[in-house]
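Before we discuss this chain, I would like to go through its core and its helix packing with you. Please keep the sequence and the structure open while you read the points below.

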Amino acid sequence: MKKFWNWMKNEDTGATELYFEGPISAETWLGDEITPGLFKSELEQHPGDLTVWICSPGGDVFAASQIYTMLRNHKGKITVKIDALAASAASVVAMSGDETFISPTGMLMVHDPACFASGNKADMEKAIKILEEVKESIINAYEQKCHLSRSKIAKMMSEETWLNAKKALQLGFVDGILFAKEKMPQAEPEEEEEESTEEESSEEAPDEEDDDEDDPDKKEKKPPKDMVSFSYTPARTAASFMQKVSATQTGTPIAQLDKRLELLKY
(Lines give C-alpha, C1' and ligand atoms only; values in the text may rest on other atoms or scores of the structure.)
Protein backbone atom coordinates (compact mmCIF):
# COMPACT_ATOMS: atom_id res chain seq x y z
CA MET A 1 0.00 0.00 0.00
CA LYS A 2 1.25 3.48 -0.86
CA LYS A 3 2.56 5.45 2.13
CA PHE A 4 0.53 8.64 2.40
CA TRP A 5 2.54 10.25 5.21
CA ASN A 6 6.12 10.66 6.36
CA TRP A 7 7.41 10.92 9.88
CA MET A 8 10.56 12.75 10.90
CA LYS A 9 12.14 14.20 14.02
CA ASN A 10 12.63 17.97 14.22
CA GLU A 11 16.10 18.46 15.63
CA ASP A 12 15.31 21.99 16.85
CA THR A 13 12.06 21.34 18.72
CA GLY A 14 12.38 17.61 19.40
CA ALA A 15 8.82 17.10 18.14
CA THR A 16 7.86 14.36 15.71
CA GLU A 17 6.52 15.74 12.42
CA LEU A 18 3.75 14.08 10.44
CA TYR A 19 2.96 15.04 6.85
CA PHE A 20 -0.78 14.42 6.54
CA GLU A 21 -1.41 14.37 2.79
CA GLY A 22 -4.30 12.95 0.77
CA PRO A 23 -8.05 12.37 1.05
CA ILE A 24 -9.64 11.13 4.27
CA SER A 25 -11.65 7.92 4.00
CA ALA A 26 -13.17 5.23 6.22
CA GLU A 27 -11.46 2.63 4.05
CA THR A 28 -8.89 2.62 1.30
CA TRP A 29 -9.87 2.53 -2.39
CA LEU A 30 -6.91 3.81 -4.38
CA GLY A 31 -4.22 3.07 -1.82
CA ASP A 32 -3.36 6.64 -0.82
CA GLU A 33 -6.29 7.51 1.47
CA ILE A 34 -5.84 8.38 5.13
CA THR A 35 -8.00 6.04 7.20
CA PRO A 36 -8.59 6.09 10.99
CA GLY A 37 -7.27 2.54 11.38
CA LEU A 38 -3.98 3.22 9.62
CA PHE A 39 -3.63 6.58 11.32
CA LYS A 40 -4.15 5.09 14.78
CA SER A 41 -1.55 2.35 14.26
CA GLU A 42 1.02 4.95 13.21
CA LEU A 43 0.09 7.50 15.90
CA GLU A 44 0.56 4.97 18.70
CA GLN A 45 4.21 4.60 17.69
CA HIS A 46 4.90 8.31 18.22
CA PRO A 47 4.07 9.47 21.77
CA GLY A 48 5.01 12.95 22.89
CA ASP A 49 4.81 16.28 21.12
CA LEU A 50 3.65 16.11 17.53
CA THR A 51 3.56 18.53 14.59
CA VAL A 52 0.99 17.71 11.91
CA TRP A 53 1.49 19.28 8.47
CA ILE A 54 -1.82 19.18 6.60
CA CYS A 55 -2.41 19.23 2.86
CA SER A 56 -5.73 17.51 2.22
CA PRO A 57 -8.94 18.17 0.26
CA GLY A 58 -10.97 16.39 2.97
CA GLY A 59 -13.25 13.39 2.61
CA ASP A 60 -15.35 11.27 4.96
CA VAL A 61 -16.65 13.33 7.89
CA PHE A 62 -16.84 10.42 10.35
CA ALA A 63 -13.30 9.26 9.54
CA ALA A 64 -12.15 12.86 10.06
CA SER A 65 -13.99 12.92 13.39
CA GLN A 66 -12.10 9.83 14.53
CA ILE A 67 -8.74 11.32 13.55
CA TYR A 68 -9.65 14.65 15.19
CA THR A 69 -10.50 12.83 18.43
CA MET A 70 -7.29 10.76 18.31
CA LEU A 71 -5.20 13.92 18.04
CA ARG A 72 -7.13 15.71 20.79
CA ASN A 73 -6.62 12.66 23.03
CA HIS A 74 -2.91 12.32 22.19
CA LYS A 75 -0.54 12.62 25.16
CA GLY A 76 1.67 15.45 24.07
CA LYS A 77 1.29 18.87 22.48
CA ILE A 78 -0.31 18.86 19.02
CA THR A 79 0.78 21.63 16.66
CA VAL A 80 -1.06 21.75 13.34
CA LYS A 81 0.50 23.51 10.34
CA ILE A 82 -1.51 23.95 7.14
CA ASP A 83 1.07 24.12 4.39
CA ALA A 84 -1.31 24.30 1.42
CA LEU A 85 -4.92 23.21 1.94
CA ALA A 86 -7.18 22.06 4.75
CA ALA A 87 -10.55 21.76 3.05
CA SER A 88 -13.85 20.16 4.00
CA ALA A 89 -13.27 17.34 6.51
CA ALA A 90 -9.55 18.17 6.67
CA SER A 91 -10.45 21.55 8.16
CA VAL A 92 -12.02 19.64 11.06
CA VAL A 93 -8.75 17.76 11.62
CA ALA A 94 -6.95 21.12 11.60
CA MET A 95 -9.05 22.20 14.59
CA SER A 96 -7.42 19.47 16.72
CA GLY A 97 -4.24 21.45 17.30
CA ASP A 98 -3.36 22.95 20.66
CA GLU A 99 -1.92 25.52 18.28
CA THR A 100 -2.83 25.77 14.60
CA PHE A 101 -0.79 27.71 12.06
CA ILE A 102 -1.16 28.28 8.34
CA SER A 103 1.27 29.11 5.56
CA PRO A 104 0.89 32.59 4.03
CA THR A 105 -0.14 30.79 0.84
CA GLY A 106 -2.35 28.22 2.55
CA MET A 107 -6.14 27.96 2.36
CA LEU A 108 -8.83 26.65 4.68
CA MET A 109 -12.32 25.78 3.41
CA VAL A 110 -15.55 25.03 5.27
CA HIS A 111 -18.86 23.93 3.75
CA ASP A 112 -22.03 21.98 4.45
CA PRO A 113 -21.88 18.17 4.62
CA ALA A 114 -23.31 16.17 1.73
CA CYS A 115 -24.41 12.58 1.23
CA PHE A 116 -25.91 10.20 -1.29
CA ALA A 117 -29.42 9.01 -0.42
CA SER A 118 -32.16 7.05 -2.12
CA GLY A 119 -35.66 5.96 -1.27
CA ASN A 120 -39.06 7.50 -0.67
CA LYS A 121 -40.01 10.85 0.83
CA ALA A 122 -39.56 9.62 4.39
CA ASP A 123 -36.04 8.41 3.53
CA MET A 124 -35.15 11.81 2.06
CA GLU A 125 -36.50 13.63 5.11
CA LYS A 126 -34.47 11.36 7.36
CA ALA A 127 -31.34 12.05 5.31
CA ILE A 128 -31.92 15.79 5.70
CA LYS A 129 -32.22 15.47 9.49
CA ILE A 130 -29.01 13.44 9.62
CA LEU A 131 -27.18 16.06 7.55
CA GLU A 132 -28.42 18.76 9.92
CA GLU A 133 -27.05 16.86 12.93
CA VAL A 134 -23.75 16.18 11.16
CA LYS A 135 -23.44 19.90 10.46
CA GLU A 136 -24.01 20.67 14.15
CA SER A 137 -21.26 18.21 15.11
CA ILE A 138 -18.83 19.91 12.71
CA ILE A 139 -19.74 23.32 14.11
CA ASN A 140 -18.80 22.00 17.56
CA ALA A 141 -15.18 21.56 16.42
CA TYR A 142 -14.99 24.98 14.75
CA GLU A 143 -16.66 26.71 17.70
CA GLN A 144 -14.17 25.34 20.22
CA LYS A 145 -11.31 26.73 18.15
CA CYS A 146 -12.49 30.06 16.78
CA HIS A 147 -15.23 31.06 19.28
CA LEU A 148 -17.41 32.59 16.57
CA SER A 149 -21.15 32.29 17.06
CA ARG A 150 -22.74 29.07 15.83
CA SER A 151 -24.99 31.03 13.48
CA LYS A 152 -21.97 32.76 11.93
CA ILE A 153 -20.16 29.44 11.41
CA ALA A 154 -23.31 27.82 10.00
CA LYS A 155 -23.69 30.66 7.50
CA MET A 156 -20.06 30.33 6.41
CA MET A 157 -20.54 26.61 5.85
CA SER A 158 -23.72 27.10 3.84
CA GLU A 159 -21.95 29.60 1.59
CA GLU A 160 -18.90 27.29 1.12
CA THR A 161 -16.31 29.69 2.49
CA TRP A 162 -12.64 29.72 1.49
CA LEU A 163 -10.27 31.48 3.88
CA ASN A 164 -6.83 32.77 3.04
CA ALA A 165 -4.23 32.93 5.81
CA LYS A 166 -5.05 36.42 7.03
CA LYS A 167 -8.80 35.80 7.02
CA ALA A 168 -8.39 32.47 8.85
CA LEU A 169 -6.33 34.25 11.51
CA GLN A 170 -8.76 37.14 11.79
CA LEU A 171 -11.70 34.79 12.36
CA GLY A 172 -9.78 32.61 14.84
CA PHE A 173 -9.59 29.37 12.85
CA VAL A 174 -5.80 29.49 13.24
CA ASP A 175 -3.52 30.91 15.92
CA GLY A 176 -0.85 32.33 13.65
CA ILE A 177 0.69 32.56 10.20
CA LEU A 178 3.90 30.66 9.49
CA PHE A 179 7.10 32.66 8.88
CA ALA A 180 5.41 35.89 9.98
CA LYS A 181 6.89 38.27 12.50
CA GLU A 182 5.71 37.80 16.07
CA LYS A 183 3.73 41.03 15.94
CA MET A 184 1.68 39.96 12.91
CA PRO A 185 -1.06 38.06 14.83
CA GLN A 186 -1.61 41.20 16.91
CA ALA A 187 -2.03 43.38 13.82
CA GLU A 188 -5.53 42.12 12.97
CA PRO A 189 -7.36 43.92 15.81
CA GLU A 190 -5.58 47.12 14.78
CA GLU A 191 -6.85 46.66 11.21
CA GLU A 192 -10.37 46.15 12.53
CA GLU A 193 -10.03 49.33 14.57
CA GLU A 194 -8.92 51.17 11.46
CA GLU A 195 -11.94 49.84 9.60
CA SER A 196 -14.19 50.99 12.40
CA THR A 197 -12.55 54.42 12.32
CA GLU A 198 -13.13 54.62 8.59
CA GLU A 199 -16.78 53.67 9.05
CA GLU A 200 -17.18 56.29 11.79
CA SER A 201 -15.50 58.91 9.60
CA SER A 202 -17.84 58.10 6.74
CA GLU A 203 -20.80 58.51 9.07
CA GLU A 204 -19.48 61.89 10.18
CA ALA A 205 -19.02 62.98 6.57
CA PRO A 206 -22.32 62.35 4.78
CA ASP A 207 -21.33 64.70 1.98
CA GLU A 208 -18.59 62.31 0.79
CA GLU A 209 -21.01 59.37 0.86
CA ASP A 210 -23.50 61.34 -1.17
CA ASP A 211 -20.81 62.08 -3.74
CA ASP A 212 -20.05 58.37 -4.08
CA GLU A 213 -23.73 57.52 -4.43
CA ASP A 214 -24.11 60.05 -7.21
CA ASP A 215 -21.11 58.63 -9.07
CA PRO A 216 -21.84 55.05 -10.26
CA ASP A 217 -18.23 54.63 -11.42
CA LYS A 218 -16.98 54.99 -7.87
CA LYS A 219 -19.46 52.38 -6.71
CA GLU A 220 -18.12 49.88 -9.21
CA LYS A 221 -14.59 50.41 -7.91
CA LYS A 222 -15.63 49.32 -4.39
CA PRO A 223 -16.50 45.58 -4.46
CA PRO A 224 -17.39 43.84 -1.18
CA LYS A 225 -14.18 43.70 0.83
CA ASP A 226 -14.11 39.97 1.60
CA MET A 227 -15.56 38.59 -1.63
CA VAL A 228 -12.26 38.11 -3.42
CA SER A 229 -10.31 36.99 -0.36
CA PHE A 230 -12.25 33.89 0.59
CA SER A 231 -15.27 33.13 -1.56
CA TYR A 232 -15.36 30.74 -4.55
CA THR A 233 -18.32 29.53 -6.55
CA PRO A 234 -18.89 25.74 -6.54
CA ALA A 235 -18.16 25.60 -10.28
CA ARG A 236 -14.79 27.25 -9.80
CA THR A 237 -14.00 24.99 -6.89
CA ALA A 238 -14.72 21.87 -8.94
CA ALA A 239 -12.67 23.18 -11.88
CA SER A 240 -9.73 23.94 -9.60
CA PHE A 241 -9.89 20.52 -8.00
CA MET A 242 -10.10 18.70 -11.33
CA GLN A 243 -7.06 20.58 -12.54
CA LYS A 244 -5.16 19.50 -9.43
CA VAL A 245 -6.22 15.87 -9.84
CA SER A 246 -5.29 15.78 -13.50
CA ALA A 247 -1.89 17.24 -12.67
CA THR A 248 -1.09 14.78 -9.92
CA GLN A 249 -2.85 11.64 -11.14
CA THR A 250 -1.57 11.40 -14.70
CA GLY A 251 -2.81 8.23 -16.35
CA THR A 252 -5.49 7.45 -13.76
CA PRO A 253 -8.66 5.96 -15.32
CA ILE A 254 -11.71 8.22 -15.24
CA ALA A 255 -13.70 5.62 -13.27
CA GLN A 256 -11.21 5.88 -10.42
CA LEU A 257 -11.34 9.66 -10.53
CA ASP A 258 -15.13 9.50 -10.23
CA LYS A 259 -14.76 7.37 -7.10
CA ARG A 260 -12.29 9.88 -5.70
CA LEU A 261 -14.68 12.77 -6.31
CA GLU A 262 -17.43 10.92 -4.46
CA LEU A 263 -15.11 10.50 -1.49
CA LEU A 264 -14.17 14.18 -1.40
CA LYS A 265 -17.50 15.13 0.10
CA TYR A 266 -18.64 15.06 3.68
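1. The model is a predicted one, and its chain is made up of 12 helices and 8 strands. Of the 266 residues of the chain, 40% count as buried. Among the contacts in the chain with a separation of 6 or more, 65% are accounted for by residues 24 or more positions apart.

2. In soluble globular proteins, nonpolar side chains tend to be buried together. In this model the largest nonpolar core has 48 residues, and Phe20 and Phe173 are those with the most contacts inside it. Helix 2 (residues 61–73) supplies the largest share of this core, namely 7 residues. Apart from it there is a second, separate core of 5 residues, which includes Ala87, Met107, Met109 and Trp162.

3. Which residues does Phe173 touch, leaving aside those up to four places away in sequence? On that count Phe173 touches Met95, Thr100, Leu108, Val110, Tyr142, Lys145, Cys146, Leu148, Met156, Leu163 and Ala168.

4. Two packed helices are described by the angle between their axes and the distance between the axes. Helix 2 and helix 4 (residues 121–146) pack at an angle of about 30 degrees, and their axes are 12 Å apart. Because angles under 35 degrees count as roughly parallel, helix 2 is roughly parallel to helix 4. The crossing of helix 2 and helix 4 is left-handed. On the side of helix 2 the contact is made by Val61, Phe62, Tyr68 and Arg72, and on the side of helix 4 by Val134, Ile138, Ala141 and Gln144. By type, the residues of this contact of helix 2 with helix 4 divide into 6 nonpolar, 1 polar and 1 charged.

5. Helix 4 also packs with helix 5 (residues 150–158), where the axes come within 10 Å and cross at roughly 120 degrees. Helix 4 and helix 5 are therefore oblique to each other, and their crossing is right-handed. From helix 4, Lys135, Glu136, Ile138, Ile139, Asn140, Tyr142, Glu143 and Cys146 take part, and they meet Arg150, Ile153, Ala154, Met157 and Ser158 in helix 5. The residues of the contact of helix 4 with helix 5 divide into 7 nonpolar, 2 polar and 4 charged.

Definitions and conventions:
Residues are numbered from 1 along each chain as its sequence is written. This is a predicted model: local features need pLDDT of at least 70, side-chain atom pairs count only at pLDDT 80 or more; totals for chains, interfaces and linings use all residues. Side-chain values use heavy atoms; hydrogens and water are left out. A nonpolar core is a set of buried Ala, Val, Leu, Ile, Met, Phe, Trp, Tyr and Cys residues joined through side-chain atoms within 4.5 Å. Buried means under 20% relative accessible area, exposed over 50%, partly exposed in between (1.4 Å probe, protein chains only). Helices (H or I, at least four residues) and strands (E, at least two) are DSSP runs, numbered from the N terminus. Contact means heavy atoms within 4.5 Å. Axes are lines fitted to C-alpha atoms, for helices over the stretch in contact, and angles run from 0 to 180 degrees between N-to-C directions. Angles under 35 degrees count as roughly parallel, over 145 as roughly antiparallel, 65 to 115 as roughly perpendicular and the rest as oblique. A crossing is left-handed if the near helix is turned anticlockwise from the far one by less than a right angle, and right-handed if clockwise. Ala, Val, Leu, Ile, Met, Phe, Trp, Tyr, Cys and Pro count as nonpolar, Asp, Glu, Lys and Arg as charged, and the others, Gly among them, as polar.
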